[in-house]
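Open the model in your viewer and keep the selection tool ready. We will go stop by stop.

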Amino acid sequence: MKRLLVTGGAGFIGSNFTRYMLQTYDDLQLVVYDKLTYAGRLENLQDVARDFAGRYAFVQGDIADQALVAQTTRSHAIDTIVNFAAETHVDRSILDPDAFIRTSCLGTYALLEVARAQGLRFHHISTDEVYGFVREGASVEADPLAPRSPYAASKASADLLTLAYHVTYGLPVTITRGANNIGPYQYPEKVVPLFVTNALDNVPLPVYGDGMQMRDYQYVIDHCEGVDAVLRKGQLGEVYNIGTGHELPNLEMVEIILSRLGKPRSLIHFVEDRAGHDRRYSLNVDKIRALGWQPRHTCQAAIALTVDWYAANDWWWRPIKAGEFREYYARQYGQRAVLGVGQ
Ligand code: NAD
Ligand code: DAU
């Protein structure tokens, strides 16, 4: 692994991963390949472009454009593709699934074809959502996939294609399935940055349903270290879960945000639930721990660090919330009935 292509590298996790890898490995050359959708932002990489000018390059393109991917990997002599590119917001997938299917299914297929033709290592970034609603216990990698949203189904499709290319063509692949990531540069449609930035502006926090859904909020750099561990030590053809291994109810996450910012519970607005909302995800992370990786942050610590980053970096999120986001917010939340207010 000396010459990486990081697809979706201008997004939240991809940009953190890009920075982490260039800081960690002096001999690494890295190319970010990204379509720059609403979620892909060059601001996320501005320090990377400045600090690693000789070892970093950016190419704008769609992963479904097989010819451009092939030309990029060839011209940069890439040996490994790490695929972060996807449409990633569950609520948007419910409003409009089309781009989710195109990118995760057709896009991943195009990347796999390039990897097969050029003999490249392929690592695919997946999600705990492919296991579906976990009623009890924790998901292990061999569990059947039972995705329940268009987003989760598009991600599960990409996982299955990736594994099929290993079995059929012997392609050297690995997959990681991450729990909810939080940290710097997450687009403020996702719950933690949405709630922190709303709270900073004294705008209500729209908590879906009863707020008792369980999520494992992991710090993004812990996830990046896990992906790195699998790239270096993972067994080809295998899947690895990445998370803290502990989940908490959304309401506890909200309480941490409000108390850290000194804001009142009256900002909590319980609103109509998400359609098909998975009430709980839970990951067993023993398999990746056996590679020597472990998370450095609890969910609580990750939430606190994330609150502090957004509080200190409104230069990043204010322009986003003033743009396309306003229209999205009205469409997503405008019609939702408010069922109660926090006391
Ligand atoms: P994000 O929405 O912040 O970034 C996605 C990036 O992909 C953007 O830069 C976007 O421009 C790019 N992209 C989208 N479609 C593309 C296409 N067709 N061609 C090229 N680039 C395209 O998402 P994120 O939260 O950083 O997630 C990254 C990956 O991690 C995704 O695959 C996601 O499913 C997975 N994941 C995310 C989480 C999480 O909590 N955010 C957890 C587990 C797994
Ligand atoms: O679990 C991994 C997944 O985490 C990733 O694969 C996805 O890309 C990522 O978006 C995330 O999905 P979630 O649906 O879990 O994340 P989101 O931030 O949208 O919501 C987290 C929880 O908060 C979920 O239970 C829904 C709830 N929620 C969300 C929003 C946006 C609210 O209560 N109100 C909201 O306004």
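Which atom of Thr88 lies 2.8 Å from an oxygen atom of ligand 2? Select Thr88 and look: a backbone N or O atom lies 2.8 Å from that ligand oxygen. Such a polar contact is a pair of N or O atoms within 3.5 Å.

A word on the model. It is predicted: local features need pLDDT of at least 70, side-chain atom pairs count only at pLDDT 80 or more, and totals for chains, interfaces and linings use all residues. Residues are numbered from 1 along each chain as its sequence is written, chains are lettered from A and ligands numbered from 1 in the order written, and side-chain values use heavy atoms, without hydrogens and water.

**Stop 1: ligand 2.** Stay here and show its surroundings. There are 26 residues around ligand 2, and Thr127, Asp128, Tyr151, Arg274 and Tyr333 come nearest. To be counted, a residue needs a heavy atom within 4 Å. Now pick Glu129: a polar side-chain atom lies 2.8 Å from a ligand 2 oxygen.

**Stop 2: ligand 1.** Select ligand 1. It is surrounded by 29 residues, and Ile13, Asp34, Thr88, Tyr151 and Lys155 are the closest. Click Lys155: a polar side-chain atom is 2.6 Å from an oxygen atom of ligand 1. Then try Ile63, where a polar backbone atom is 2.9 Å from a nitrogen atom of ligand 1.

**Stop 3: two helices.** Select α3 (residues 66–75) and α5 (residues 98–118). Helices here are DSSP runs (H or I, at least four residues), numbered from the N terminus. Their axes, lines fitted to C-alpha atoms over the stretch in contact, with angles from 0 to 180 degrees between N-to-C directions, come within 9 Å and cross at roughly 40°.

Key. A polar contact is a pair of N or O atoms within 3.5 Å; within protein, one must be able to donate a hydrogen and the other to accept it, and residues adjacent in sequence count only if both atoms are side-chain atoms.
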